[in-house]
Amino acid sequence: MAESGRDRKRNWAELPDELTAAILSRLGAVDYLQSAEMVCMKWHKISKDPLFWRKIDMRIDGDLEEWDYEDMFRLAVDRSSGNVVDISIVHFGTNELLAFITKRASKIRCIRLLSCNGVSDEGLSRMALKLRLLEELDISLCMWISHEAVRAVGRACPLLKSFKFNKEWCRFSDDESDSEESEPDQHDAYDFDHHDTYDFDDDFAPFPFVHAPLFHAPVARAPVRKDENADAIAIAGTMQGLHHLQLSGNKLTDDGLRKILDSCPHLESLDLRLCFNLNMGIDLETRCAERIKRLWLPHDSIEGKGFTSRSDGYCFKWVELPDDVTMSILSRLGTVDILDNAQKVCMKWRKICKEMKWTTIDMRNDFAPDITFDFDKMCHHVLDLSCGNLVNVNMEDLISDDLLNHITDSSSGIRRLRLACSYHISDEGLIEVASKLPLLEELDISVCENLSHKPVRVLGRSCPLLKSFRLNKKWHKYSDDFFEEIIDDDGPWSKDDDALAIAETMHGLHHLQLFGNQLTNVGLRAILDGCPHLESLDLRYCFNLNLEGDLGRRCSEQIRKLLLPTDSIAGYGLMPSTDWQPPRRPSPPSPKHWEFWNWDSD
């Protein structure tokens with residue numbers, strides 16, 4: 001009875017020789033020489049065919065000391081009888097082995113040398129002189145190869161189309177960066193052999209490295225050059241025919257990248273991952289995107305990388321997060337950080353930044369005094385991105401009357417406006433825009449020293465939905481007749497001008513902060529009478545108040561969140577006083593120090 005197909009054993013030896021050779025060629029040279037060729041006579045016979053060894057892949061997944069890989073490699077080259085065209089060596093490559101290769105084979109078109117610390121400039125340069133047909137070269141993570149060898153390879157190999165010169169990114173100290181080129185010390189070299197596992201593909205596969213923080217990698221003192229663009233200059237000067245270039249972890253700067261773009265007109269793919277010295281301004285990034293079909297920027301993803309380096313342990317795959325999660329994270333940055341930093345990280349982040357719903361301008365003055373951008377230009381750019389949908393505006397210091405007018409003209413739906421410490425805003429400018437803010441609910445014009453009580457009254461009349469108002473000032477001890485000496489068209493000023501303007505026009509207020517205000521008991525009574533919905537009231541540093549009697553009790557009963565003149569100023573965040581603070585005096589009992597209404601809370 002014939003055996004069923006399920007019970008019948010498959011006889012691999014019955015496959016045609018060509019099909020068997022095609023299957024076995026997918027094994028690495030180590031697996032084949034140590035295992036496959038010992039299976040049967042047929043497989044052993046196939047291994048004797050010189051054409052079977054056109055590609056020698058000496059990838060090492062185990063211990064270097066397990067086998068004599070160099071002798072194994074020499075055997076594979078001898079079996080090729082000079083027909084080898086593609087060679088891959090990981091870890092054990094040396095100058096002597098390169099010399100052996102060039103003696104046995106002159107038709108080589110592709111060589112990969114990964115983490116071969118036994119290869120020097122001299123050895124690689126001599127090999128290049130004898131391999132005139134070389135089209136692809138990968139010398140990644142070879143510690144002692146410098147720009148001198150790169151220049152020699154470019155001159156000797158006119159057909160070179162693909163070049164990979166990837167390095168371990170490492171941030172050296174300023175002293176090391178400025179030092180002369182040091183000589184390699186093999187005794188001090190870090191042992192790469194048992195720390196990294198490498199893998200690579202046959203094609204020019206991108207290995208997008210992740211956005212990694214700067215770190216001090218545990219390597220030996222590798223050669224450090226004064227000119228961080230030495231590699232880029234060598235490539236630009238000798239490899240004009242390149243189509244594919246991979247420089248992950250290189251220290252080139254924008255100048256070096258420009259030289260490559262100028263001198264390599266045929267570039268189709270360019271990998272700049274982990275090249276953190278690149279600034280990649282808008283002009284340079286645009287030029288790269290227009291010129292290069294496949295472009296990877298310094299912080300792009302590591303998905304699909306060709307091999308693993310030690311720096312991967314310091315990386316977090318931010319670009320692999322879903323777009324909505326990334327957008328949620330980036331939206332928590334300030335406007336300056338998004339436009340001046342985040343959108344330059346990678347193409348994905350740039351796309352997400354453009355697709356954000358720009359309903360907020362948050363330009364707090366955390367960057368002074370070293371402002372490296374055009375403030376007005378950036379604001380106008382955000383207004384263009386918002387398409388008139390701005391809801392929250394938070395500006396500090398640098399905003400002017402003209403810019404404020406432009407913002408309110410562009411967006412009529414603003415609900416929250418904060419102009420703290422804006423010394424360039426005037427009464428006239430604020431009064432002019434008040435009528436353009438009909439939906440305003442929250443307003444902060446703290447420490448705007450050029451503002452008086454006049455725009456407060458106009459804002460109260462123009463903004464009927466106003467629920468929260470901050471008019472904080474720096475406390476100063478004025479003489480009793482100081483305000484009476486200031487006379488304008490409306491008559492002499494008084495200490496209670498701000499309070500009376502609020503009481504007369506802002507009847508819907510729920511939250512009021514008057515830190516450091518000059519108001520007296522008269523002004524406070526007017527506020528309590530005119531603003532019946534008040535829930536929180538901050539009177540810290542209002543030292544003209546006397547709350548020891550009925551007024552203090554009324555405040556405690558009417559206001560749920562009350563901060564008194566001598567209460568702690570923790571969390572205030574601005575300069576509380578210019579010159580004077582009285583001794584702490586007893587005050588009537590008040591509720592516990594509630595966390596006052598926070599501008600940043602939802």
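Predicted model: local features only at pLDDT ≥ 70, side-chain atom pairs only at ≥ 80, totals over all residues.
Modeller: Two residues are in contact when they have heavy atoms within 4.5 Å of each other.

Biologist: Which elements cover the buried residues of α16?

Modeller: Among those covering them are α15, β10 (392-395), β11 (416-418) and α17 (427-434).

Biologist: Which residues of α16 are buried?

Modeller: Helix α16 spans residues 401-410, and its buried residues are Leu403, Leu404, Asn405, Ile407 and Thr408. For the protein as a whole, 51% of the 602 residues are buried.

Biologist: How should I read a nonpolar core, and which residues have the most contacts inside the largest one?

Modeller: In soluble globular proteins, nonpolar side chains tend to be buried together. Here the largest nonpolar core holds 68 residues, and Met395, Ile445, Phe469 and Leu524 have the most contacts inside it. Helix α15 (residues 375-386) is the element that gives the most to this core, namely five residues. There is also a second, separate core, made of 63 residues, including Met127, Leu137, Val150 and Ile260.

Biologist: Leaving aside neighbours within four places in sequence, which residues is Leu524 in contact with?

Modeller: With those neighbours set aside, the contacts of Leu524 are Leu519, Leu537, Leu539, Leu545, Leu547, Leu551 and Cys555. Across the protein, of the contacts with a separation of 6 or more, 78% join residues 24 or more positions apart.

Biologist: Now the sheet. What is the order of strands in the open sheet of eight?

Modeller: The general idea is that strands of a sheet pair through backbone hydrogen bonds, either parallel or antiparallel. In this sheet the order runs β1-β2-β3-β4-β5-β6-β7-β8, and the pairing is parallel. The edge positions belong to β1 (55-58) and β8 (294-296); each has a single partner strand, so one side of each lacks a neighbour in the sheet. From one strand to the next, the twist averages 5 degrees.

Biologist: Over how many bridges do β3 and β4 pair?

Modeller: Strand β3 (residues 110-114) and strand β4 (residues 136-138) are joined over three bridges, in the parallel sense.

Biologist: Which strands does helix α4 lie across?

Modeller: Helix α4 (residues 69-80) lies across β1 and β2 (86-90), and it runs at about 170 degrees to β1.

Biologist: How many helices and strands are there in the protein?

Modeller: The count is 21 helices and 18 strands. As for the surface, the protein exposes about 29,000 Å², of which carbon and sulfur atoms supply 50%.

Conventions. Residues numbered from 1 in each chain as written. Heavy atoms only, no water. Core = buried A, V, L, I, M, F, W, Y, C linked by side-chain atoms within 4.5 Å. Buried < 20%, exposed > 50% of the residue type's maximum accessible area, 1.4 Å probe, protein only. Helix = DSSP H or I, 4+ residues; strand = E, 2+ residues; numbered from the N terminus. Pairing = 2+ DSSP bridges. Axes fitted to C-alpha atoms, helices over the stretch in contact; angles between N-to-C directions. Areas by Shrake-Rupley, 256 points an atom, 1.4 Å probe, with all protein chains shown as cover.
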